[in-house]
Amino acid sequence: MRREILINVAPVETRIALIENAVPQQIYIDSKQQQSLVGNIYKAVVLRVMRGMQAAFLDIGDERSAFLHIDKMCVSDASLDIHQLLHPGQEILVQVLKDPVKNKGAQLTTDFSIATSHMVYKHSVSKLGISLQIKAESERQRLNAVMADILPMQDRPKKFSGSFILRTAAEGLTTEQLKWDLEHLYKILRDIENSNLQVAPCCLYSEPPLYQRVLVDLAGLDIDRILIDDDRDYSLLKDFADRALPNVKDCIAQYNDRAPLFELFHTEDELKLALESKVPLNCGGYLIVEETEAMTVVDVNTGSFVGSNNFQQTICQTNLEAVEALSRQIRLRNLSG
């Protein structure tokens, strides 16, 4: 399978598309006017504790109060009540799990998770973990031994007692590559610790640019080509890949053609389709995709397709096309989270 990544940088937004065998499969959009808060870490102030809901509302500096449920807190004693853990006016470090939606504020957790290309710091994890996708026992033992050697060498931030999970992309990495990731994570944690002296509410850590996050997430795939159409971000991306993702560094190229980058593989058409509720099928039928606050509903219609033999065959063919189309729509619209 041939995989390519297109990165289109515009003044108002950055758009990224994952192309598999010349067909757009995933599209990411980062609006510069409405930045996502997911992954950001804040020093927040508790506004109100609701014992009946075992939750609290917190001020993170956004216009809407954020929401923290006890299930999303790192608690040593599961029998503790929310009012024993939080009180109005208390300052606490939290990370955003879900962006604000309409009248609802952001959803929070105290179980911080910060990822690099090859490992993840997890606040609630007490010992080193390794991705289950790394199957070879010899490689798992080697990675354990490497991490056991380099972990004591680092200046560990006192407030962060969690541990690390090695991602699938860590398979086969050298000691120096793993050490770079570990040093990078510790630097982020030390910066958060030092910034904690600021007056709450305030943001202590913001997620890196979208193209970095996407490349980190897709690092385990075999990428054949990465095209980016902006001079400045091309240089930044090359520098980032040189440090963090050497396996994709040689795949990065600057796009200089006259035609817009998203005209390749009809990506622009797919993006417009992903924003509409009606999705046409090749047979003449169509899907209706409607997102509500609680669920996403998909209606399959035969439309102009009347079949040729019998009703059951008409329905079967429509449903077969609908399954294939919907699997792509789920990825394009990020419906699965």
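Predicted model: local features only at pLDDT ≥ 70, side-chain atom pairs only at ≥ 80, totals over all residues.

Colleague: Which residues have the most contacts inside the largest nonpolar core?

Modeller: In soluble globular proteins, nonpolar side chains tend to be buried together. Here the largest nonpolar core has 27 residues, and those with the most contacts inside it are Ile114, Met119, Phe160, Phe164, Leu166, Leu178 and Ile192. At least two residues of this core come from each of β10 (119–122), α2 (137–150), β12 (163–166), α3 (175–195) and β13 (202–205). The most is given by α3, with seven residues.

Colleague: What does Met119 touch, beyond residues up to four places away in sequence?

Modeller: Met119 touches Ile114, Met147, Phe164, Ile165, Leu166, Arg167, Leu178, Asp181, Leu182 and Leu185. There is also a second, separate core of 22 residues, which includes Leu218, Ile226, Ala241 and Cys251.

Colleague: In which sense do strands β2 and β3 pair?

Modeller: In a regular strand the side chains alternate between the two faces of the sheet. Strands β2 (residues 13–20) and β3 (residues 23–31) pair in the antiparallel sense, over eight bridges. Thr14 has Asp30 in β3 as its bridge partner. Two residues lie between the strands of this hairpin, where Asn21 takes a positive phi near 50°.

Colleague: Is Val94 buried or exposed?

Modeller: Val94, in strand β7 (residues 91–98), counts as buried because its relative accessible area is 0%, and the cut-off for buried is under 20%. Leaving aside neighbours within four places in sequence, its contacts include Asn40, Ile41, Leu58, Leu108 and Phe112. Val94 and Asn40 are 54 residues apart along the chain, yet their C-alpha atoms are separated by 8.4 Å.

Note on methods. Residues numbered from 1 in each chain as written. Heavy atoms only, no water. Core = buried A, V, L, I, M, F, W, Y, C linked by side-chain atoms within 4.5 Å. Buried < 20%, exposed > 50% of the residue type's maximum accessible area, 1.4 Å probe, protein only. Helix = DSSP H or I, 4+ residues; strand = E, 2+ residues; numbered from the N terminus. Contact = heavy atoms within 4.5 Å. Pairing = 2+ DSSP bridges.
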